[in-house]
Amino acid sequence: SWASRDHRRVVAEPSGLCVKCNNVASPGHPLCDRCWRARAKRNVRTGSSPCSVCRLGFANEGFDLCEACFTRCEKEGLCRNCHQEKRNPGRRLCQTCFLGNEQQHLCRRCQKKQRAPSEKWCRDCLVERFNCTLCHTRQRVPGGKWCTECFQDTTLKPPAPSKVERLVHQFMDSWVGNDKPTILGVYGVWNAQSHQRFQAYQRSLPRTGSRQGVPPAKRLWHGTSMNCDVWANNQVLCTNPTCAVCNIGRTGFDTKFAASGEWGRGLYFAQNANKSHFYAKCSMRNGICCLFLCKVACGRSAKMPQRDTALTQPPQGFQSVLGTANELPELIVYDSAATLPAWLVFYKVE
């Protein structure tokens, strides 16, 4: 568009003429009054807002700057409020804007709502940052998103709509073939003990190469047997000791109950959902199946094209095994702490 073509020229060398009709532009703006009013009316009709700096591009959702101006301000280290002065080191605002917000007792996070003089954030930001994402009244447990009362409840927790959309896309993209299943629901799984155990194991993994910090975890699928009807029971996990789905949802994975497979006795995961569906036993009542989407701290994986049913641990110097003997590969870990069940996807294969 003409806005994107002329944006850099206007910012670099303003000529005082409207970039659209070449008439005299308004002081400090690249458009004349006539073009600016026409553009404002069109923005009202389309529900978009112009960039507050260049007045040419459309502002990104939730911001007052277009992509080009935001990139320029970040590169030059300009204040995120006035977009003119240099921001303070390690801060988002310049000294002038920071002192102005402090005098008005504005929230240091959203910079819009009033905060208590003894607090740094407004009430809404405090609730969003520290309170339970389900009840919004009690504080979260350390390192979690829910309070103690909510995550002790055996009901599976529904994630945010944006998270559900990403999980559905991952499920569909990882299902190889044209016989795509029908997704019925996506729910979050939370267990404080498993979460803390997984974080401790992830921090203990050796660093590889020049990467610093905690090694990243992979998100892989896991299928197992379901001997109850947790979907029809309002997503409440049962207490049947033979129901692997509900036991994993309550206490996490345990290698004591792992069956021996093509690469020994371990916990098997796959990047393809239909590979894990091969191990999932659907409900006998309504044919509904479910798969766990897990976080797996695999560390260094030993690639093994040959099957070895006698394995009880990965080879020396490795933390997991990547079995490639079949068409779809599998990842096997032999330590329960290396796995964390995060989400449970309910679906039905026609």
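Trainee: Which residue is the bridge partner of W221 in β6?

Mentor: L293 is the bridge partner of W221. This is a predicted model, where local features need pLDDT of at least 70, side-chain atom pairs count only at pLDDT 80 or more, and totals for chains, interfaces and linings use all residues. Residues are numbered from 1 along each chain as its sequence is written, and side-chain values use heavy atoms, leaving out hydrogens and water.

Trainee: What makes β2 and β6 a pair?

Mentor: Two strands pair if DSSP finds at least two bridges between them. β2 and strand β6 (residues 289-296) have five bridges, in the antiparallel sense. So they pair. Strands here are DSSP runs of E, at least two residues, and helices are runs of H or I, at least four, numbered from the N terminus.

Trainee: Why is the pair of F171 and Y347 called tilted?

Mentor: Rings of Phe, Tyr and Trp (its six-membered ring) pair if their centres lie within 6.5 Å; planes under 30 degrees apart are stacked, over 60 edge-to-face, the rest tilted. Here the centres are 5.3 Å apart and the planes at 45°, so the pair is tilted. F171 is in helix α7 (residues 161-174) and Y347 in strand β10 (residues 339-348), so the pair ties together parts 176 residues apart in sequence.

Trainee: How do you know whether F171 is buried or exposed?

Mentor: Buried means under 20% relative accessible area, exposed over 50%, partly exposed in between (1.4 Å probe, protein chains only). F171 has 0%, so F171 is buried. W175, at 4%, is buried too. F171, W175, W221 and Y347 form one aromatic cluster.
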